[in-house]
Structures are given as structure tokens and as C-alpha cells.
Amino acid sequence: MKKIVILLSMATCLFLFSFTTDKKGYQVGDDVSDFNLKSTSGEMVSLASYKDAKGFIIIFTCNHCPFSMAYEDRIIALQAKYKAKGFPVVAINSNNKDVSPEDSYEEMIKRAAEKKFNFNYLYDSTQEIAHQFGAARTPHVFIVEKQKSNLKMKYIGAIDDNTDEPEAVTKKYVETAVDQILAGQEVTTPMTKAIGCTIKWKK
Amino acid sequence: MSLSAQKREVIKLDQLLTILNNKSDSLLVLNFWATWCKPCVEEMQEFLRIEQELENKKVRFIYLSLDFKRDFETKLVPFVNKRKMKSDVFLLDEPDYDAWINIVDPSWQGSIPATLLLTPNAENRHFHEGQLTYLELKKIINTYLP
């Protein structure tokens with residue numbers, strides 16, 4: 001009996017340990033799991049539903065955050081440039097609607113229509129996917145490459161190096177990373193950081 | 001605390017680095033925030049309350065705004081005046097965030113609010129990403145107060 005108790009408590013420790021490490025989310029080089037989220041179009045969208053994609057520019061963003069808003073036109077431009085090359089933008093809003101009412105699904109539909117979003121804008125209502133990825137702020141970009149039987153994390157970070165003044169940008173991190181993946185090269189800057197709004201976690 | 005007028009300035013990275021050295025005999029509480037950031041503004045109430053309670057202690061508060069530079073006169077200064085903030089408030093004008101976030105703390109993901117405590121000469125440090133409650137902040141300050 002004693003042995004069973006010890007084994008059980010060891011198993012619990014292992015479980016707790018794996019749970020806390022999971023909380024940190026993906027690192028560059030990790031295998032990525034697919035998800036299935038509702039788009040502002042009303043459809044359910046998974047990465048597997050993009051049959052011809054070579055990879056994805058996954059961007060955690062939202063309606064209300066000034067840093068997200070500052071990047072909306074640049075996200076639209078990324079989709080215009082890279083969808084045809086096989087790297088579509090997939091935007092995800094994970095903010096809890098009770099904490100941030102401007103980020104509800106209904107408000108997402110309005111925002112997508114106003115700004116004529118040319119990409120899928122998905123609602124992560126349970127915040128499970130933000131936890132899975134380790135998304136901390138908006139905008140927060142994750143570039144994933146489709147390989148033979150899996151999805152591989154290639155880049156985590158910012159879109160570029162100037163939020164407020166697009167004309168003053170000198171380093172286009174996301175474009176450089178996708179171009180390098182498409183050319184079969186290593187991503188030279190696989191990690192960057194930026195200031196952003198916190199994801200509004202459920203209280 | 002010094003009687004000189006509190007500063008409201010736009011600063012660059014070299015000035016942030018000087019602040020991070022904390023060449024003073026007080027505990028430094030450095031809060032990263034912005035006027036548009038709701039959790040930051042909520043948290044600010046608690047910071048100002050604690051600041052008042054600790055008026056005679058060896059602790060100094062600096063509020064480092066990440067508002068855009070063009071919003072300095074129109075948004076930041078009016079906010080600071082309205083709240084009658086007594087400590088130094090700086091706007092850090094360094095848009096290439098990746099160049100300095102890790103210098104502040106390698107664990108920082110970049111979300112705000114974030115708070116760094118530095119003991120004199122930056123001998124000890126404590127970093128927290130996310131909104132602090134009154135009790136949480138008070139507890140951390142008491143741990144490091146000289």
C-alpha cells in the first residue's frame with residue numbers, strides 16, 4: 001500500500017512538473033500542435049484546413065490594444081505578400097471578453113469588416129491556444145513551417161523594430177524569417193522581443 | 001527625498017542604463033507602463049498609495065512610460081499632472097524594443113505593466129511582469145527595503 005502511495009505522489013509530482021513547463025509555451029524548434037478555432041467568417045479554421053500552405057504567420061492580436069492597431073495595416077500587407085508564397089497570416093484573439101469587452105467575438109467581426117481583413121481572424125475563447133503557444137502580449141508572432149508530417153516552430157517575436165513609425169522600420173523580422181524559410185535557409189534572428197499589451201487573462 | 005522638482009522628460013537608452021545602475025542609497029522601484037494601458041493605470045493607483053505611505057523611507061519610484069514620443073505633451077504630461085504624480089516620470093524613446101528588453105530583465109516577454117526593484121548599486125534585483133496588487137507590491141518592497 002505504502003509503495004502505491006509513493007508511486008502515486010511521484011506521478012502527481014511529474015504531472016505538476018510537466019504542467020508548469022507546458023505553461024511556458026513553445027520554443028523555436030518545437031513541434032507545434034494544430035488547433036481549431038472559430039473565424040469571424042463563422043467557419044471553424046484549423047491549420048490543416050490550409051491545404052496548399054507551406055507554413056503560417058500566426059499572430060496573437062486583438063481589437064483594443066494600440067500596439068495591435070498600429071500593426072493592422074502591416075498585417076494586411078503581410079497576408080497580401082505571403083499568402084501567395086504559401087505563408088498565410090492566421091490572426092488569433094485570445095483576450096477574455098469579460099476583462100476586455102472590446103475584444104469580444106462580435107467586436108472582432110466588426111473590426112474585421114471595418115479594416116477589410118484579408119486573413120482569418122480567429123477567436124480563442126478558452127485562451128487554451130494562447131497558453132499552448134506561450135503568447136504573452138499583443139501583437140506576438142509565431143512563424144511555423146509545415147514539414148513532412150509535422151509543424152515546426154521557426155520564429156517567435158515581433159513583426160519589425162518600430163511600432164509607431166512604419167516608415168522608420170529598419171529590421172523586418174517576420175519578412176526576413178519567412179524569406180529565409182522559403183529559401184531553405186536558417187532563420188538568422190529566430191527570437192525577438194517587443195513591448196505590447198498583455199493578453200487579458202480570465203480573472 | 002530630494003526637494004528638487006520632479007522630472008518629466010523624454011529619455012534614451014543611455015539614460016535608462018544609468019537609472020539601472022541605481023547609484024543611490026535608496027531602493028529603486030522602476031515601473032514600466034503607458035497611459036493607454038488599462039492594467040497599468042489601475043496598478044498606478046496602488047503605486048501612488050504606497051509611495052505616499054513610504055514617503056520617509058529609503059525608496060525612490062521612477063515611472064518609465066512606453067507611450068509613443070508624439071504623445072508626450074498631449075497624453076503623458078496631462079496624465080501625470082492630473083494624478084499629481086510626485087516622482088520622476090520619463091518617456092523612453094527607444095522604438096527598437098528588442099535592443100533593450102533583455103537588458104532590463106531576460107525573463108521579460110515585453111508586456112506591460114512590468115516592475116523592476118533595484119537595491120543600491122543594483123546589487124539585488126527583483127523583476128515582475130504583470131499587474132501587481134497593493135499587497136503584492138508592499139510585500140516585495142518590504143523584502144528589499146534597506
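This note goes through a predicted model with chains A and B, point by point.

1. Basis and confidence. In this predicted model, local features need pLDDT of at least 70 and side-chain atom pairs count only at pLDDT 80 or more, whereas totals for chains, interfaces and linings use all residues. Residues are numbered from 1 along each chain as its sequence is written, and chains are lettered from A and ligands numbered from 1 in the order in which they are written. The model scores ipTM 0.89 and pTM 0.90. For chain B the mean pLDDT (the predictor's confidence in each residue, from 0 to 100) is 95, and 97% of its residues reach 70 or more.

2. Chain A. This chain contains 5 helices and 9 strands, where helices (H or I, at least four residues) and strands (E, at least two) are DSSP runs numbered from the N terminus. Along the sequence these elements follow the pattern α-β-β-β-α-β-α-β-α-β-β-β-α-β. Of its 203 residues, 37% count as buried; a residue is buried if 20 or more other C-beta atoms, placed from the backbone, lie within 10 Å of its own, exposed if 12 or fewer, and partly exposed in between. Among contacts in chain A with a separation of 6 or more, 74% come from residues 24 or more positions apart, a contact being two residues whose C-beta atoms, placed from the backbone, lie within 7 Å.

3. In chain B, 6 strands form an open sheet with mixed pairing, in the order β1-β4-β3-β2-β6-β7; two strands pair if DSSP finds at least two bridges between them. Its edge strands, each pairing on one side only, are β1 (8–11) and β7 (125–129) of chain B. On average, neighbouring strands of this sheet are turned by 20 degrees against each other, direction ignored. Strand β2 (residues 27–33) and strand β6 (residues 114–118) of chain B run antiparallel and are joined by 5 bridges, with B:Val29 having B:Leu117 in β6(B) as its bridge partner.

4. A helix on that sheet. Helix α1 (residues 13–21) of chain B packs on the sheet and touches β1, β2, β3 (59–65), β4 (88–92) and β6 of chain B. The direction of this helix makes about 115 degrees with that of β1(B), where axes are lines fitted to C-alpha atoms, for helices over the stretch in contact, and angles run from 0 to 180 degrees between N-to-C directions.

5. Where the chains meet. The interface brings 16 residues of chain B into contact with 16 residues of chain A. On the side of chain B that touches chain A, α4 (101–104) and β5 (111–112) of chain B each supply at least two residues. By class, that side has 9 nonpolar, 5 polar and 2 charged residues, with Ala, Val, Leu, Ile, Met, Phe, Trp, Tyr, Cys and Pro counted as nonpolar, Asp, Glu, Lys and Arg as charged, and the others, Gly among them, as polar.

6. An open sheet of 3 strands, with mixed pairing, has the order β6(A)-β9(A)-β5(B). Strand β9 (residues 196–198) of chain A pairs with β5(B) in the parallel sense over 2 bridges, and A:Gly196 stands opposite B:Ser111 in β5(B).
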